[in-house]
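Subject: Handing over a structure

Hi,

Here is the structure I promised to pass on to you. Please have a look at it first, and then read on for my notes.

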Amino acid sequence: SYFMGPNLYTYCYNSPNNWVDPLGLMAAGYTGWGTNPKDPRNAVKQISEKLKKSGIESKTYSYHSWEINKSIGEILKYVDKNGDGRITNKENEMASVELYGHSLGGRAAIEVAQRLNKKGIDIDVLILVDLINGSGEKIPSNVQHLINIRQTVPPLSGQQPIVNSIPYENINMGEMGHAEIINNPSVKKYIENYILATEGLPIDL
């Protein structure tokens, strides 16, 4: 993960000769029911494209099981820099993985974090937007920070996952609507800037 400090190269042991951003940064976004992750009108896709412009390797997936498996395979390939099929402590330390999802996509992001936890891979931040079907899900210990953004209009009002001892923020947007919350410009910009700030990159004011 990226560690901020007085030296620009603190994150690579104070020397650009050790690592020149060997893994980059990766963000995976998961869309909700009835949405196409490749549709440029999709808000999760729009967030992904904005992150790409800031130098983050960012991809968008649906909440379906085959897309979850695909995303995990691509994240494992991203972290396993030498391709030996084994994640070392150094590879995990140097990787930066962020997950975010809306609706059932939030549930998918939690599952991805849970499965990556079994592989020993840390998640810098997990952002859930109006989580559906995830109220009984436990956030795994590999998640370094959790953001839960929700609204209160039934029947699809955002749920609360099980959180233990990890840093956690709950943001209540009030009566906004399930589809509206992910398309809200302030919510999209918050997600984009939070991921950028987590990685020490300039934010878009």
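In which helix do Tyr190 and Tyr194 both lie, and how many residues apart are they? They belong to helix H6 (residues 185-198) and sit 4 residues apart, about one turn of the helix.

Some housekeeping first. You have a predicted model here, in which local features need pLDDT of at least 70 and side-chain atom pairs count only at pLDDT 80 or more, while totals for chains, interfaces and linings use all residues. Numbering runs from 1 along each chain as its sequence is written, and side-chain values use heavy atoms, with hydrogens and water left out.

The overall layout

The chain has 6 helices and 6 strands, taken as DSSP runs (H or I, at least four residues, for helices; E, at least two, for strands) and numbered from the N terminus. Along the sequence they follow the pattern β-α-β-α-α-β-α-β-β-β-α-α. Of the 205 residues in the chain, 49% are buried (under 20% relative accessible area, with exposed over 50% and partly exposed in between, using a 1.4 Å probe and protein chains only). Among contacts (heavy atoms within 4.5 Å) with a separation of 6 or more, 62% are between residues 24 or more positions apart.

Aromatic pairs

The count comes to 2 aromatic pairs. The rule takes rings of Phe, Tyr and Trp (its six-membered ring) with centres within 6.5 Å, and calls planes under 30 degrees apart stacked, over 60 edge-to-face and the rest tilted. Tyr30 and Tyr61 are stacked, at 5.6 Å centre to centre with 25° between the planes. This pair links distant parts of the chain, with Tyr30 in strand S1 (residues 26-30) and Tyr61 in strand S2 (residues 57-61), 31 residues apart. Both Tyr30 and Tyr61 are buried. The rings of Tyr190 and Tyr194 have centres 5.9 Å apart and planes at 35°, so that pair is tilted. Tyr190 is partly exposed at 28% relative accessible area, whereas Tyr194 is buried at 18%.

Two polar contacts

Strand S2 also holds Thr60, which counts as buried because its relative accessibility is 14%. Its side chain makes a polar contact of 3.4 Å with the side chain of Ser48 (a pair of N or O atoms within 3.5 Å; within protein, one must be able to donate a hydrogen and the other to accept it, and residues adjacent in sequence count only if both atoms are side-chain atoms). Beyond four places in sequence, the residues in contact with Thr60 include Gly29, Pro37 and Glu67.

Glu137 sits in the loop between strand S4 (125-129) and strand S5 (146-150). A polar contact of 3.2 Å joins its side chain to that of Arg107. Leaving aside neighbours within four places in sequence, Glu137 also touches residues including Gln114 and Pro161. The C-alpha atoms of Glu137 and Gln114 are separated by 9.6 Å, and the two are 23 residues apart along the chain.

One more thing to look at: what does the lining of the largest pocket divide into? It has 6 nonpolar residues, 8 polar and no charged (Ala, Val, Leu, Ile, Met, Phe, Trp, Tyr, Cys and Pro count as nonpolar, Asp, Glu, Lys and Arg as charged, and the others, Gly among them, as polar).

Best wishes
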